[in-house]
Amino acid sequence: MSKPTVADLKRTLETWAPPQAKLDYDNIGYQIGNPSQKVSKALICLDVTSEVVQEAADVGADCLISHHPILFKKPSEILTTTLQGALIHQIIEAGCSLITAHTNLDAAPNGVSFKLAETLDLHGVEFLRPFEVAGQSVGFGAVGDLSSPMNPTEFARHVASSLGQQTLRTAGGRDTKGSDFTIHRVAVCGGSGSSLLDEVSWNGIDAFVTADITYHRFFVEQPGLFLVDVGHYESEMMIIEAIKEVLDQAYPSVEFHSTNIQTNPVTYHSFSDS
Ligand SMILES: [Zn+2]
């Protein structure tokens, strides 16, 4: 069977995650390489780090597919003395191309937020902020129901165990009388979802799971809303397997690998002796 090109892989990803759905600041699709390069092996990751590029070289990947782009703004120089420049050199030296699907994949059906909702075992999942591009339904965030209601503490434990975490940050979780309430309906947004807080506050939603909530946004104005910040990497890492599934199905002749490298730059320290 003939091998697809980098352009074919990009087209398949963009059929799923339409490029018109991306946020204005974003830069998706081609990043580095040769669109007509044939692909026998490819490596899928969330973040491109030096270790990931080394892994791509080790498996003999012709193409790297990442969620987060490494090129946002036009660099004024590409030097090995900067982190970004060194990565670009390393990718080219590895004979690899790099393509990304970022905020367009956040907005895609079965994209980043849907995968987070699935991991948390939510039912009847739909877009939180739906819109249409190029005749396709897309949206930001996702909302669905728990199969059995939980109080905030039980829900926090459920989220932590579903994502394999020891630590997460929460706020709110009290009703107007200052008592715990029961969580049925949950909104999620993989990555930085604070911009969806307004939607969450008036949609009959009991809990919102996202990442990168800043201190002042943790002051929950709405009684009866529980905020859960799970961390950016933790809220998005499941998209790697989702990308692999889509590409495996489209190109059985290509060997797709998920990275084995944990690229989360954040370390949680726990100093309690108990
Ligand atoms: Zn992200």
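User: What makes Ser97, Leu98, Ile99 and Thr100 of strand β4 buried, and which way do they point?

Analyst: A residue is called buried if 20 or more other C-beta atoms, placed from the backbone, lie within 10 Å of its own, exposed if 12 or fewer do, and partly exposed in between. Ser97 and Ile99 point one way from β4 (residues 97–100), while Leu98 and Thr100 point the other way, and all are buried. This is a predicted model, in which local features need pLDDT of at least 70 and side-chain atom pairs count only at pLDDT 80 or more, whereas totals for chains, interfaces and linings use all residues. Residues are numbered from 1 along each chain as its sequence is written.

User: Why is the unit made by β3, helix α3 and β4 called right-handed?

Analyst: The term applies if, with the strands pointing away from the viewer, the path from the first strand over the helix to the second runs clockwise. The β-α-β unit of β3, α3 (residues 83–93) and β4 is right-handed.

User: How do you know that the buried residues of α3 line one face of the helix?

Analyst: The buried residues of α3 are Leu87, Ile88 and Ile91. Seen down the helix axis they fall within an arc of 100°, so they line one face of α3; the arc is that of the directions from the axis to the C-beta atoms. Their cover includes β1, α2 (50–59), β3 and β4, and just after the helix Gly95 takes a positive phi of about 70°.

User: How does the span of helix α6 compare with the one expected?

Analyst: The expected span is 1.5 Å times one less than the number of residues. Helix α6 (residues 152–163) has 12 residues and reaches 16 Å from its first C-alpha to its last, close to the 16 Å expected. Its buried residues are Pro152, Phe155, Ala156 and Val159. They cover an arc of only 100° around the axis, which puts them on the same side of α6. On the other side, Thr153, Arg157 and Ser161 are exposed.

User: Which strands do the buried residues of α6 pack against, and what counts as a contact?

Analyst: Two residues are in contact if their C-beta atoms lie within 7 Å. The buried residues of α6 pack against β6 (136–150), β7 (169–172), β8 (183–192), β9 (207–211) and β10 (226–229).

User: Why is Met150 called partly exposed?

Analyst: Met150, which lies in strand β6, has 19 other C-beta atoms within 10 Å and is therefore partly exposed. Leaving out residues up to four places away in sequence, Met150 touches Phe155, His158 and Ile183.

User: And what makes Ala7 partly exposed?

Analyst: Ala7, placed in helix α1 (residues 6–16), has 17 C-beta neighbours inside 10 Å and therefore counts as partly exposed. With residues up to four places away in sequence not counted, Ala7 touches Pro35 and Ser36.

User: What makes helix α5 mostly covered?

Analyst: In α5 (residues 112–119), 6 of the 8 residues are buried, namely Val112, Ser113, Phe114, Lys115, Leu116 and Ala117. Just after this helix, Asp121 takes a positive phi of about 65°.

User: How many helices and strands does the whole protein chain have, and why is the chain called as compact as a globular protein of its length?

Analyst: Helices are DSSP runs of H or I with at least four residues, strands are runs of E with at least two, and both are numbered from the N terminus; the chain has 9 helices and 11 strands. Its radius of gyration is 20 Å, close to the 19 Å that the globule rule gives for 274 residues, so the chain is as compact as a globular protein of that length. The radius is taken over C-alpha atoms, and the rule is 2.2 Å times the number of residues to the power 0.38. Buried residues make up 40% of the 274 residues, and among contacts between residues at least 6 apart in sequence, 67% join residues at least 24 apart.
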